[in-house]
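Let's take a friendly walk through this model, from one of its cavities to its aromatic pairs and its core.

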Amino acid sequence: MRLSWQRDMTHKDNPGLCSDREECCSMTMIDTPKEAFAALRPVCVKLTKEHTIENVYQLKSALKTVSGSALQELQEYVLFPLRFILNSPGLKKEGLVLSVVECITYVVSLTCIKGEDLFQKLLSELYLCLCSSPNFTKPAPLSEELKMAIVKGLDALLHSVYGDSLLTLYQPSSLPVMGHILSLLLALVEQEKSRPVKVVMLNVLQTLIQQCDCSELHMLPDDVMNAVGNTFASFLPGITLSLSRVITGDIKQGHMVTVRALAAWYKTVGLVMADNQLLEVQMKKEEPPPVHNRAAELVIQRTPEWVKSTGNKASVLVKKIVECCSNHPHWKVRKELLNFAYHLLSRCHKSLKDSVGHLLEAVVGLVNDESLEVKKKSTEILRNIADQKLVSENKAFTDVLSENLHTLATALPRLMRSHDDKNKLSTLNLLLGYIKLLGPKVSVVLNSVAHLERLSKALIQVLELDITDIRIVEERRACIEGASGCHSSDLCSSRKLKRNAVQKRHFRYFTDEQIFTLLQQLCRVLGYYGNHYLLIDHFIDLYRESAVYRKQACLIINELIIGASGMDLEELHETENPISTDDLKAVINSVIEEYTSLANWHLVSNILSDYDSLDAHESHTLAVTAFSEVHNFSSSNISSNISSMNSNILQLCIQLEGIGVFAQVLQNEFALLLICSLYPVMEKAGDDSLLVSQTAMATLMDISHACGYKSLKELINQNSDYLINAVSLNLRQLGQHPHAPKVLGVMFMNSDSSLLPLVKDVVQDVLMTLDQSYDERAHLFFSVLHTLMGALVRWFQSETFSLQDSKKSKEIKDGFLQDQNKIDTSDVRRAQEELEHFLLDYQRQKRLSEGDIEDDCLDSENQQPVSEPDVEDMSPDVKKELPVHIQIAKDVIERCIHLLSHRSLKLRLKVLDVLEMCVIVLQSHENELLPAAHRVWPPLVQRLTNDDPRVVRQAFQTLCILGEKCGNFLRSRVTKDVLPKLSNMLQSHASVSIKAGPLYTHTLAYKLQLTVLQGLGTLCEKLDLAENGLDVVINAAVPYLSSRQPCKLQEASCRMFIHLMQIDPDAVWLFLNELYCSHSYEPPHASLHPVKLQGMGNPRNEYTDNVSQLLDKL
């Protein structure tokens, strides 16, 4: 039989010969066989007689002048002297053999071997060059150059063989020859140290199986490939074992050797174990041709039994190769492993069914490889597998994947506890890949209770959070930090999820953020492909089952819903049953109801939450006592309670994040769920725990974005009627709804003045409730009032400032016109009228006292013109209605008066802070401010003169605001009631601070001194203090000019003197010169007494530097 196929050899197959051919092109080529014979005959005859390297080179040079077509006719003639040298007996120099082999390689690369006999002889001769003489099964000890030349010659020979000549190599009778060649090549591959030689040998091995990587297109008929497969079936165990040892060998051999060995392995196995070839062989069931006894022993029939046995044994090697190469440091090896897996999966998934799991593991495990090339290749292969429906339409694949999924889920908790982060990533990548490959079949697999239980418990255990960090429960809010200025950008239409990360979570079994990202993606893929109702119900049951599972179940449920919506997901298949918006809304509604239920929403996040009305020391004592009675309080109980509160805080944060995620999933449809979600989230926005409040604020922003509101302020204003109604109802049942005031506080902080008319009645309800529970919940209510007054200051302060600025500018303008500084035109006119009336009345009274009474006087008395009264004076009993914010501030001040003497230190500080803001709000209504200041003065003085240093400090700051807004109204009160006590305090503390070390700056006494010194000068300037009060202040501040005082106290004292200079510079100058005077003052005339100051003539002292600076400024 004559085969109808033929090979065309190109020079690219032998890159070592390219330079020779290029050189030939520059010469005059001989195209006719006759001329070629005439040119080559002398050289061939000479080489036959004299076996020298020079003669071989002469032949090679002559060959370069002959064209390929002419050389084809003279092929055997030219090869004869070369073969004669190789076959001649005796030892031959290695250089001679090298040159001969290179010349043979040159000839066969330019011609085709048509004769079977010539092919067999050349193959044997080149083979013998590699063998040692005594034992033809072992490699000869040759140089690397000679080995390289021989192997290249073999490669060129196998590429040049033509037609039936090649087919004889794969006949059963040639099995012994093939066995010798393969054994020798494999031995060389394992023993050789040179990387290039090993790579070329592996290429020859691929050429033998007709699977080489050259550019030549191998169009071999199926019956020829079947013959090649039958031949190599006999040597498959040896080839695979030997190549496996090379693949898993020392990494120092280089990545190219490993890559070529992998290619040779999977191409050999892919040829012998190809499913279509095995099916064809088994269908034909041809009788093997008769062969000699020795060759008959080597013939292998690829029966189903042999295929099964070989597949079982190959799975061991596949597993070993996958484990070794998956973590290989070079990316090209990992990429070739993907080719290895895909080649075998696509061609041999039936015959190598025991290896399918390992091959899928190789592909899936590299889907998130650090190398972009490997990652891209892995994703491409997974998509090809999905497109070809190798899994969805192949029950065997599905069974293998589901079994691997169950096995991996079982081992996942152990692997996450014992492996490093790199191996954990590989494990999770594998699990994610299995689920992606299963695609819609996931829902079928998870219908199995065993699979669902195993996978869910594995995820629950892996996602366990670390709740031992004391910083979680430590972080508290001083007040609600507003986000009213935050405006969201327009909602984008993309389906990418926007996550507001408030805090980085710490998990118990891993630290790498990539691991958590993988777990999120895994849950989303489950939600996308799985049965949504089954999965959500299952994890809700786990959520209810145990508090230990609750946080992890929340995380998983949130991600499942994201996956079900198809957001932020990388999928391989389209889901068969996409969830509708109505179904998704129903699922989310049920989850929100579960999250916001009483048992899961109102969790204790602070040990001292029930003792806020007490001061810090008392509340701590009572808390410890209470917990001791219940838990036999000990250090272990403290740790467990901290962990419990941390757990509660994290659970609330996860649930809040979930609601924000649900809003992003539903977008505008979430507006229908605001009725059940907005109020609970705002409750948590006012929580005392910093993490909870920040997470709730982020959730509110997510909700406003999703529902189409431009900002959080708009969200609150648009839903204020519902929120205010809920707050009003809950305030009436404060025992059952203690968090209602917090919702009101959040509304104040994140809205604007348009909300005020709506909440006016609710504020009155808060004040009335406060009046009924001063001791029980005063701190809670004052937190709300603090937020309310802060909002009023923010809303109305700009109006007040603009009013003051316009008034001040008008006064300055009128002062210039009338040569006055502080009196405007209306005040002058009023003063003139009053003075005129006074003088007229004085004159009348004097005349009456002298008895000069006239009728016209009486008439004038009876008919005395009455000035037109102001509208306000017409009805003294009817007052003009005050603005809402002024009335609220007035009412709040009344409560502050009563609570300034409360036993709780924390509450007293809060009340003083609220009082300060009330004064700022009332500054534009002096008729309300001054009476309020009069009523608040007695308790404020008590706080200033007889209280904890922290309260004194806060009370002084409040006094400074009062002095700034009330001015001269408080001058005599401050001079009489406050300045003596403050001066005594400063003088007594000065003797301590002057001797103290650097640690003194951390004490309460130091902070109090600094606050008083920083504010007292401004206060005196605002009150325009009289001389007697000024003397008291100066005497108290003088000790702080000493250079021995702490630096900040000196600076504060100097700034205070600068303010006092604005009041009475002469007095300040005199006091300073009494401390230190560097100048002497001579009288301008002898009749005047000389000026004598106490500081004159004194040497430099501790006051010199600061006093000199202040005098320079004077």
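## The second largest cavity

The lining of the second largest cavity is made up of eight nonpolar residues, two polar ones and no charged ones. Here Ala, Val, Leu, Ile, Met, Phe, Trp, Tyr, Cys and Pro count as nonpolar, Asp, Glu, Lys and Arg as charged, and the others, Gly among them, as polar. The lining residues include Gly 527, His 532, Leu 535 and Ile 536. Helix H27 (532–545), helix H28 (547–565) and helix H29 (581–595) each give two or more residues to this lining; helices are DSSP runs (H or I, at least four residues) and strands likewise (E, at least two), numbered from the N terminus.

The volume of this second largest cavity is about 60 Å³, and eight cavities of 30 Å³ or more are counted. A cavity is a set of points, on a 1 Å grid over the protein atoms alone, where a 1.4 Å probe fits but cannot get out, and lining residues have an atom within 4 Å of a point. Points are joined across faces, edges and corners, and the volume is the space filled by probe spheres set on them.

## How the model is treated

This is a predicted model, in which local features need pLDDT of at least 70 and side-chain atom pairs count only at pLDDT 80 or more, while totals for chains, interfaces and linings use all residues. Residues are numbered from 1 along each chain as its sequence is written, and side-chain values use heavy atoms, leaving out hydrogens and water.

## Aromatic pairs

The whole structure holds 10 aromatic pairs, meaning rings of Phe, Tyr and Trp (its six-membered ring) with centres within 6.5 Å; planes under 30 degrees apart are stacked, over 60 edge-to-face and the rest tilted. Trp 265 and Phe 340 are a tilted pair because their ring centres are 5.3 Å apart and their planes at 45 degrees. Trp 265 sits in helix H14 (residues 255–272) and Phe 340 in helix H18 (residues 331–348), so the pair ties together parts 75 residues apart in sequence. Both are buried, that is, under 20% relative accessible area with a 1.4 Å probe, protein chains only. Together with Tyr 266, they form one aromatic cluster.

## Core and overall fold

Trp 265 returns in the largest nonpolar core, which has 342 residues; Trp 265, Phe 670 and Leu 1016 have the most contacts inside it. Such a core is a set of buried Ala, Val, Leu, Ile, Met, Phe, Trp, Tyr and Cys residues joined through side-chain atoms within 4.5 Å.

The protein chain comes to 52 helices and zero strands, and 51% of its 1114 residues count as buried.

Definitions and conventions
Buried < 20%, exposed > 50% of the residue type's maximum accessible area, 1.4 Å probe, protein only. 1 Å grid on protein atoms, 1.4 Å probe; cavity = no way out; pocket = protein on both sides within 12 Å on 5 of 7 lines; lining within 4 Å.
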